[in-house]
Amino acid sequence: MNRRAFLGTSAATLLATGLPRVSGFVLTNPESKEAHKIKAVGVQLYTVRDAMKSDFEGTIAKVAQIGYKEVEFAGYFDHSPKDIGALLKKNGLTAPSCHVPYDTVQNKWQQQIDDAHTIGHKFIVCPWIDPKQRQEPDGYKRAADLFQKAGEVSKKAGIQFAYHNHTFEFQPSEALGGKLPYDILLATDPNYVKMELDLCWISVAGKDPIEYFNKYPGRFPLVHVKDMKVLPKGAEGPTASPDKEMPNMTDVGSGVIDWKHIFSHAQNAGIQHYFVEHDFPADAFVSITKSYAYLSTLTF
């Protein structure tokens with residue numbers, strides 16, 4: 001099941017100017033500004049979605065036992081916001097953010113904001129725009145307008161809206177006259193629309209995340225951290241699709257993405273939360289355990 005279908009099914013069960021304070025990493029040695037570690041490694045629960053379906057509470061407990069301190073939801077599996085909040089507290093976890101479908105942003109936004117307050121989310125993330133809309137001449141403009149309005153409403157309620165990318169946002173669009181869709185989305189007001197940059201998919205698309213960090217400082221409070229055994233080269237890069245590249249996905253730290261280099265720019269990017277993800281792991285718990293072991297000891 002792809003993320004769009006997964007989110008749609010799960011969601012149906014529930015109706016500042018300037019750079020942000022970056023709290024996602026700590027100095028390992030106060031004498032050295034170069035030695036940083038991630039303060040609280042998080043995980044996107046989409047990675048363990050199959051286990052969540054059969055044992056919601058047990059899965060949350062296992063995630064905490066591995067060492068994770070933060071989780072990002074992609075569906076609530078018929079559990080009430082109040083019960084979810086209590087379960088997180090019981091396991092010493094927080095859920096800074098959640099993924100919701102485009103339809104929720106469009107039609108159920110106030111209810112989602114209310115649920116976010118109950119659970120403790122500080123961010124609500126939309127991770128998908130329907131392919132049909134993306135191909136329409138005004139498709140991305142409509143999405144950008146919706147995100148801007150949603151961000152204005154959520155900001156007043158103390159919740160930040162953000163958008164999560166795949167690869168297609170970095171591919172020139174005929175409907176946009178050859179422009180990159182991601183640049184259209186970034187043209188929104190940065191106070192209302194932040195970005196959760198999927199560091200894997202931007203790399204698969206052949207783009208350099210550091211260039212975006214430098215051009216849009218402070219715009220990326222959330223990142224997805226997943227790795228690839230190999231990355232597309234040459235002409236494949238800008239056109240590579242997530243579905244095509246899924247077999248190359250691997251545990252964080254066992255692939256080719258240079259995490260030290262990327263995270264050394266975390267302060268400029270504004271990164272506050274780092275979420276491990278693997279879309280189709282052979283064994284989800286083995287995968288997130290290996291990724292945690294790598295990221296929890298990584299210095300940059």
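This is a dialogue about how terms are applied to a predicted model.

Trainee: What should I keep in mind about the model and its numbering?

Mentor: The model is predicted, local features need pLDDT of at least 70, side-chain atom pairs count only at pLDDT 80 or more, and totals for chains, interfaces and linings use all residues. Residues are numbered from 1 along each chain as its sequence is written, and side-chain values use heavy atoms, leaving out hydrogens and water.

Trainee: How many helices and strands does the protein chain have?

Mentor: It has 16 helices and 12 strands. Both are DSSP runs, numbered from the N terminus: helices are H or I with at least four residues, strands are E with at least two.

Trainee: Why is phenylalanine 77 called buried?

Mentor: Buried means under 20% relative accessible area, exposed over 50%, and partly exposed in between, with a 1.4 Å probe and protein chains only. Phenylalanine 77 has 15%, so it is buried.

Trainee: What makes aspartate 78 exposed?

Mentor: Its relative accessible area is 63%, so it counts as exposed. Aspartate 78 lies in the loop between strand 4 and helix 4. Phenylalanine 77 is in the loop between strand 4 (70–73) and helix 4 (81–90).

Trainee: Which residues of helix 16 are buried?

Mentor: Ala284, Phe285, Ser287, Ile288, Ser291, Tyr292, Leu295 and Ser296. They cover an arc of only 150° around the axis, so they sit on the same side of helix 16. The arc is that of the directions from the helix axis to the C-beta atoms.

Trainee: What makes a set of residues a nonpolar core?

Mentor: Its members are buried Ala, Val, Leu, Ile, Met, Phe, Trp, Tyr and Cys residues, joined through side-chain atoms within 4.5 Å. The largest such core has 85 residues, and Phe73, Phe147 and Phe263 touch the most other members. Helix 8 (residues 139–156) gives the most to this core, with six residues.

Trainee: Which residues does phenylalanine 263 contact, leaving aside neighbours within four places in sequence?

Mentor: They are Ile38, Leu199, Val225, Tyr274, Leu295, Leu298 and Phe300. Contact means heavy atoms within 4.5 Å.
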